[in-house]
Amino acid sequence: MTTIPPARRAAAEPFPRTLLPAGNPGNGTAPDDRAAPVPEPRAAGAVPPPPTPAEDTVTDAPLLPAQGVRTGPLPPLPPLDLHGTAPVLDAVTAEPPAPLPDLAVLRALVRDAARRAAALLQGHVPEAHDTVTDVVRFTVGSGGAHLETAAAHLGLTPLRMRQLTAAYHHGGPHGAAVCLSPRPADPAVLAGAEAAIRPLRPFPGTPVELRPDRLVDPSAGVELRHGPDGRWYPYADRHGVRQPVAGPHRDPARAYKAARLALRQHR
């Protein structure tokens with residue numbers, strides 16, 4: 001039998017012995033002659049364990065850079081100044097194109113939105129407004145500077161708009177609603193109000209007009225309108241025009257006194 005030299009035997013083998021499974025030195029079997037391992041029996045319905053990845057397995061998942069990545073809780077926000085002032089649209093100088101409002105009105109709208117947001121953050125829940133009363137609210141908040149623009153937007157005369165702003169100033173959205181479109185009151189409520197103001201009238205012999213939504217004392221120049229919130233809103237006759245005045249109240253007698261006081265102060 002011919003003996004192969006060690007150098008030629010290593011070249012004849014396709015793989016190094018260190019990468020092949022070792023044989024059983026006790027029985028002299030070669031690696032290819034070993035029997036495959038028999039898997040252990042598994043109970044019916046058992047889930048097979050996940051395959052164990054090889055130690056030299058290479059994955060294609062990208063590695064995220066750790067440098068510059070913030071971990072842990074975020075830093076606290078700086079304190080919010082709800083009472084400070086800040087420039088509003090100061091960098092804008094050109095007038096916006098039609099049909100947008102002019103720049104002064106836009107600035108007023110932004111300031112109004114900021115005030116309302118601050119009020120919400122402080123826990124103040126605003127009363128419900130429809131479109132008309134919200135425009136009136138904005139006009140009151142701007143000090144009447146945009147009254148004519150608001151009146152044109154609503155299709156009202158400036159005089160009518162002044163009445164609405166005064167009604168809102170004294171009674172809020174309900175006061176403006178009473179001035180714009182009064183609602184009928186229960187006849188028994190009107191009769192009770194007439195009886196309540198009877199001792200206060202300067203001319204008790206003259207009749208009081210009871211209308212579906214108000215009572216009018218023409219001789220005293222006083223009118224009381226019943227609001228949706230159950231309050232009576234006083235109006236005073238000034239130069240033939242009944243204007244809303246301060247002092248709405250659930251007690252018609254107190255509202256009547258407020259109207260009489262407004263008339264005395266106006267003279």
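This briefing walks through the fold of one predicted chain, from the overall layout down to single residues.

The model is predicted, and local features need pLDDT of at least 70, side-chain atom pairs count only at pLDDT 80 or more, while totals for chains, interfaces and linings use all residues. Residues are numbered from 1 along each chain as its sequence is written, and side-chain values use heavy atoms, with hydrogens and water left out. The chain holds seven helices and five strands; these are DSSP runs numbered from the N terminus, helices being H or I with at least four residues and strands E with at least two.

**The chain as a whole**

- Reading from the N terminus, the elements go α-α-α-α-α-α-β-β-β-β-β-α.
- Of the 267 residues, 25% are buried (buried is under 20% relative accessible area, exposed is over 50%, and partly exposed is in between, with a 1.4 Å probe and protein chains only).
- The accessible surface comes to about 19100 Å², and carbon and sulfur atoms own 60% of that (Shrake-Rupley method, 1.4 Å probe; for residues, only the protein chains shown count as cover).
- Take the contacts between residues at least 6 apart in sequence: 43% of them link residues at least 24 apart (contact means heavy atoms within 4.5 Å).

**The sheet**

- The five strands form an open sheet in the order β1-β2-β3-β4-β5, paired antiparallel (two strands pair if DSSP finds at least two bridges between them).
- β1 (209–211) and β5 (241–244) sit at the edges with a single partner strand each, so one side of each has no neighbour in the sheet.
- From one strand to the next, the twist averages 25°.
- Helix α6 (residues 187–197) packs on the sheet and touches β1, β2 (214–217), β3 and β4, with its direction at about 30° to that of β2 (axes are lines fitted to C-alpha atoms, for helices over the stretch in contact, and angles run from 0 to 180 degrees between N-to-C directions).
- Helix α7 (residues 252–266) packs on the sheet as well, touching β2, β3 and β4, and its direction makes about 25° with that of β4.

- β3 is mostly covered, with five of its five residues buried.
- Val-222, Leu-224 and His-226 point one way from the strand, while Glu-223 and Arg-225 point the other way.
- On the β2 side, β3 pairs antiparallel over four bridges, and Val-216 stands opposite Glu-223.
- The β2 and β3 hairpin has four residues between the strands, and Gly-221 there takes a positive phi near 70°.
- On the β4 side, five bridges join β3 (residues 222–226) to β4 (residues 232–238), again running antiparallel.
- Across those bridges, Glu-223 has Tyr-235 as its partner, and Arg-225 stands opposite Tyr-233.
- The β3 and β4 hairpin has five residues between the strands, with Gly-230 at a positive phi near 85°.

**The loop between β4 and β5**

- His-239 lies in this loop and has a phi near 55°, a positive value in a residue other than glycine.
- His-239 is exposed, with a relative accessible area of 77%.
- Gly-240 lies in the loop too, and counts as exposed at 66% relative accessibility.
- The C-alpha atoms of Gly-240 and Gly-221 are 9.0 Å apart, with the two residues separated by 19 residues along the chain.

**Helices α3 and α4**

- α3 (residues 131–141) and α4 (residues 147–154) pack at an angle of about 170°, with 10 Å between their axes.
- That makes the two helices roughly antiparallel (under 35 degrees is roughly parallel, over 145 roughly antiparallel, 65 to 115 roughly perpendicular, and the rest oblique).
- Val-132, Val-135 and Thr-139 of α3 meet Leu-147, Ala-150, His-153 and Leu-154 of α4.

**Gln-163 in helix α5**

- Gln-163 lies in α5 (residues 158–180), and at 11% relative accessibility it counts as buried.
- Its side chain makes a polar contact of 3.2 Å with the side chain of Arg-160 (a pair of N or O atoms within 3.5 Å; within protein, one must be able to donate a hydrogen and the other to accept it, and residues adjacent in sequence count only if both atoms are side-chain atoms).
- Setting aside neighbours within four places in sequence, Gln-163 is in contact with Cys-179, Val-241, Arg-242, Gln-243 and Pro-244.
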